[in-house]
Amino acid sequence: MDPVHYEDYRPAERASYQEELDAVVAQVAQRTGASVEREAVGRAVRTAHGKTYGLLKATVTVGDNPGFHGQGIFARPAEYDAVVRYSNGLGHQRPDHQLGAACGMGVKMFDVPGPTLLSDEPDTGTFDLNLINNEVFFANTAYDYMVIEELFAELPEGLANPSRRKTWMAEFLTRRGALTDPDGWLWDELFAMLSFTTVPRRNLLSYTYNSMGAFRYGDHIAKIRTVPTAGSLAALTHQIVDVHADNEAFRRTLVAEAAERDHSFELQVQLNTDLARMPVDNTSVKWPEELSPWVTVARVDLPRQDIGGDDNLAAADATSITPWRSREEHRPIGEIQRVRQEVYRRSSIERHRINGQQRSEPVSSAQLLG
């Protein structure tokens with residue numbers, strides 16, 4: 001099947017969107033400020049992806065992609081200096097055994113041609129990818145995000161505590177009672193949330209990381225993911241991540257692997273071929289691979305390196321990554337993607353202000369990592 005044309009997608013428009021978005025942004029700003037006391041680590045912490053595991057130098061090499069897959073920055077061969085940041089998905093600074101296994105891989109490329117989609121930094125030259133080790137997401141509207149963000153802050157206790165689990169899921173399913181008709185309950189979103197609890201704790205370099213949300217892909221629409229190359233996966237020696245024996249198991253494993261050998265990922269895209277069966281506005285539904293296979297369009301290489309110092313964690317924590325630091329040819333689409341634009345920006349502004357960190361985009365991996 002040929003891929004859907006970008007112009008054929010019609011975004012859903014809701015009259016209450018802006019009011020709900022404003023409430024979400026205010027909520028995230030408040031929680032960011034409150035995190036100084038809540039997390040007790042002497043600084044503000046992200047409301048999601050609060051614990052960083054490391055920042056690595058990388059190179060992104062775009063291949064010769066013919067036809068439908070040769071779009072935007074993937075239209076011609078190129079090589080970009082980059083960094084990759086690994087983090088835990090929850091907004092806490094805790095030992096690993098008190099956190100879930102949902103982890104993120106953020107990619108930041110440098111010196112990419114064209115203006116970004118962020119109006120306050122159009123000429124930075126950076127291009128970001130926000131990816132996580134699961135295929136689906138659990139919020140699809142600004143209102144969903146507003147209600148679920150508060151419930152998300154209770155994790156992992158909300159689902160781990162038997163006395164809270166059922167009421168937590170009921171509040172999630174019904175938007176805390178706002179949805180009275182069972183036909184409107186958030187079943188897709190609940191199943192997507194619960195799928196995160198089944199992610200195994202593994203070496204961070206062994207996961208497949210997904211965009212979950214959709215993007216414009218030049219003339220088409222796509223999702224993005226990274227997959228370890230077969231050789232890189234086979235070479236991993238630190239397979240066991242025992243969070244009960246080591247409070248910092250994810251980071252120590254990452255530091256050890258990075259110091260011992262090179263690692264590599266295939267960067268792949270899945271083109272949308274059916275807007276009904278591959279919905280853009282419902283990120284809680286997996287796009288069937290039988291309708292459209294994943295195709296490799298670039299490679300992410302992590303050279304052997306030392307990331308064991310505290311300065312590496314400081315650089316990782318100060319690094320801002322957002323799907324809207326992109327290009328028009330790869331514009332994020334869908335309501336929850338639009339929500340992320342302002343939520344991520346405001347969260348970054350508040351966190352850097354509270355922590356006394358300069359908020360400016362780096363120009364190279366060397367600036368961040370030396």
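Me: Before we start, what does "contact" mean here?
Reply: Contact means heavy atoms within 4.5 Å. Keep in mind that this is a predicted model.

Me: Great. Which residues is Asp128 in contact with, leaving aside its neighbours within four places in sequence?
Reply: Those are Val107, Lys108, Ser320, Ile321, Thr322, Pro323 and Arg325. Asp128 itself sits in strand β4, residues 127-132.

Me: And is Asp128 buried or exposed?
Reply: Asp128 counts as buried, because its relative accessibility is 1% and the cut-off for buried is under 20%.

Me: Which side chains does the Asp128 side chain join in a polar contact?
Reply: One is the side chain of Lys108, at 3.1 Å. Another is the side chain of Arg325, at 2.6 Å.

Me: Nice. Now the second largest pocket: how much space lies in it?
Reply: About 320 Å³. The pocket is lined by 16 residues, and the closest to its centre are Ala318, Gln358, Ser360, Pro362 and Leu368.

Me: Which elements give two or more residues to that lining?
Reply: Helices α8 (310-318) and α10 (365-369) do. The largest share, 3 residues, comes from α8.

Me: And how do the lining residues divide by type?
Reply: The lining of this pocket has 5 nonpolar, 6 polar and 5 charged residues.

How values were computed:
Residues numbered from 1 in each chain as written. Predicted model: local features only at pLDDT ≥ 70, side-chain atom pairs only at ≥ 80, totals over all residues. Heavy atoms only, no water. 1 Å grid on protein atoms, 1.4 Å probe; cavity = no way out; pocket = protein on both sides within 12 Å on 5 of 7 lines; lining within 4 Å. Points joined across faces, edges and corners; volume = space filled by probe spheres on them. Helix = DSSP H or I, 4+ residues; strand = E, 2+ residues; numbered from the N terminus. Nonpolar A, V, L, I, M, F, W, Y, C, P; charged D, E, K, R; others polar. Buried < 20%, exposed > 50% of the residue type's maximum accessible area, 1.4 Å probe, protein only. Polar contact = N/O pair within 3.5 Å; in protein donor to acceptor, adjacent residues only side chain to side chain.
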